Amino acid sequence: MLTENIMAVSFLPYCLILSFFSTISITQASSGMIGVNYGRIANNLPSPENVVNLLKSQGINRIKIYDTDKNVLTALAHSRIKVVVCLPNELLSRTASDQSFTDKWVRHNVRKHFPATEVEAIAVGAPSYVNFLKKFGGPKPVFQSAVPRTAPGNEVFVDPKNTTPYLVRAMKNIHASLVKYNLDKSIKISSPIALSALANSYPPSSGSFKPDLVEPVIKPMLDLLRKTSSYLMVNAYPFFAYSGNADKISLDYALFRDNAGTVDSGNGLRYNSLFDAQLDAVYAAMSAVGFNDVKVMVTETGWPSAGDGNEIGASESNAAAYNGGLVKRVLNGNGTPLRPKEPLNVFLFALFNENQKPGPTSERNYGLFYPNERKVYAVPFAATTSTPVNRNKEQAPVAHEGETWCVSNGDAAKEKLQAALDYACGEGGADCRPIQPGATCYHPKSLEAHASFAFNSYYQKNARRDGTCYFGGTAHVVTQHPRYGKCKFPTEY
């Protein structure tokens, strides 16, 4: 697709990789995908409309929410941000037993908003703090139950109300409703599981599901995922494994830092990160029950920036190291040692610190942003220049000082560069008129030159703020005025 067709294409948001930092990535053919969880258990969060603006300003184009709140889904309409929504545990029993109820739920919560709001999956099963909602949020309509994420313990298998027996039937009924409304080709169906569903996880090759879950739940669920070309949702938190075993697990191993690694005695594979080991334990467990062809998406993972005295490892620097290391890990395009060719798809937890979350201090400090939309911390890899890390939590996003421009990387893959160009000229709002046929910057007629002009327009229009010249690694900041033939790049708009 050449730039002369730019104005006619349907623009897709592109990965301006996570920059809580800077920006967040979308799925690519050669690398994995990073998204973010948007929880709302707080009394000081921005409006959904402001959150959508924040997401777009940071390049975040995939989120997961814990309900089907109509205000949030309406705010996301036409944003080109893909969304995973959740059906709460409290509705599992009725969803499993009453197809007409399930049809109504899908019609009211999904079909009503789709395709303006790009719902891409339904996560069946999420916690329902009914008493919490009554105390802090007031009564909620039955079809809009707000549900938060908590530490391990929020998945169906460990729901204290024992909703596990309803899970697979509920998933099948949801899928039947999607088929009824011709949504099944666009929207996946799955259910998040925690590592607590495993009977064994170390070494990774010994991974196995708890015996009491295998026949009644695991096998039929994986069979459904296989038949519907969906994926298993997994919530994995190396933080909890490290915090509970800091005397046995290296912090560097948990934070993606350089370390000696460990060798799996069962398969001889070397592991240099706890995250990879946890994920491969799930893969091994799936293989053990005959489902090694089902893909996995990590729907929650993260590290708290603060915690109680007994929450070893909870700190701002460790959170920045974990999330930064994970993003790099995902975008390098490699899979785990057990599935090296399968890119990683991950949703980080979470967008905001949520001040009304129950539980230990860590639960209120997983956010990448404070409710005032300032970054909790930055990670070095996301910076496009040598701009210092912003430690002043009340300071606005840093703008690059002096005259700077944003240009494309010459070694970026063409597909990646084209997608970034499409985003800049479309959703990004860059002024791409000068690179249209016959205009001043149409020549040289090359993807790299046209992308550079578009990237710079976006960068300058956004006041050269830190993180606005990244485009998934296809762009970088320069201090010398770029020139392509007679085309001159502006320094402001």
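Phe101 is located in helix α4 (residues 99–111), where helices (H or I, at least four residues) and strands (E, at least two) are DSSP runs numbered from the N terminus. The model is predicted, so that local features need pLDDT of at least 70 and side-chain atom pairs count only at pLDDT 80 or more, while totals for chains, interfaces and linings use all residues. Residues are numbered from 1 along each chain as its sequence is written, and side-chain values use heavy atoms, with hydrogens and water left out.

Phe101 has a relative accessibility of 4% and therefore counts as buried; this term denotes under 20% relative accessible area, whereas exposed denotes over 50% and partly exposed the range in between (1.4 Å probe, protein chains only). The C-alpha atom of Phe101 lies 9.9 Å from that of Ile174, a residue 73 positions away along the chain.

Burial also characterises strand β4 (residues 118–124). Because six of its seven residues are buried, β4 is largely enclosed by the rest of the structure. Strand β4 runs parallel to strand β3 (residues 82–87), to which six bridges join it; strands are taken to pair if DSSP finds at least two bridges between them. Strand β4 is also parallel to strand β5 (residues 188–190), with three bridges joining the two. Ala123 of β4 takes part in both pairings, as the bridge partner of Cys86 and, towards β5, of Ser190.

The structure contains 16 salt bridges, each defined by a side-chain nitrogen of Lys or Arg within 4 Å of a carboxyl oxygen of Asp or Glu. One of these connects Arg40 with Asp69, the closest N and O atoms being 3.9 Å apart. This pair links distant parts of the chain, 29 residues apart: Arg40 belongs to the loop between β1 (33–38) and α1 (48–57), and Asp69 to the loop between β2 (62–65) and α2 (70–75). Arg40 counts as partly exposed because its relative accessibility is 23%, whereas Asp69, at 12%, counts as buried. Together with Asp67, Arg40 and Asp69 are linked in a network of salt bridges.

Two further salt bridges involve lysine residues. Lys185 is joined to Asp184, with 3.1 Å between the closest N and O atoms. Lys185 is exposed, its relative accessible area being 73%, while Asp184 is buried at 18%. In the salt bridge between Lys248 and Asp247, the closest N and O atoms are 3.4 Å apart, and both residues are exposed.
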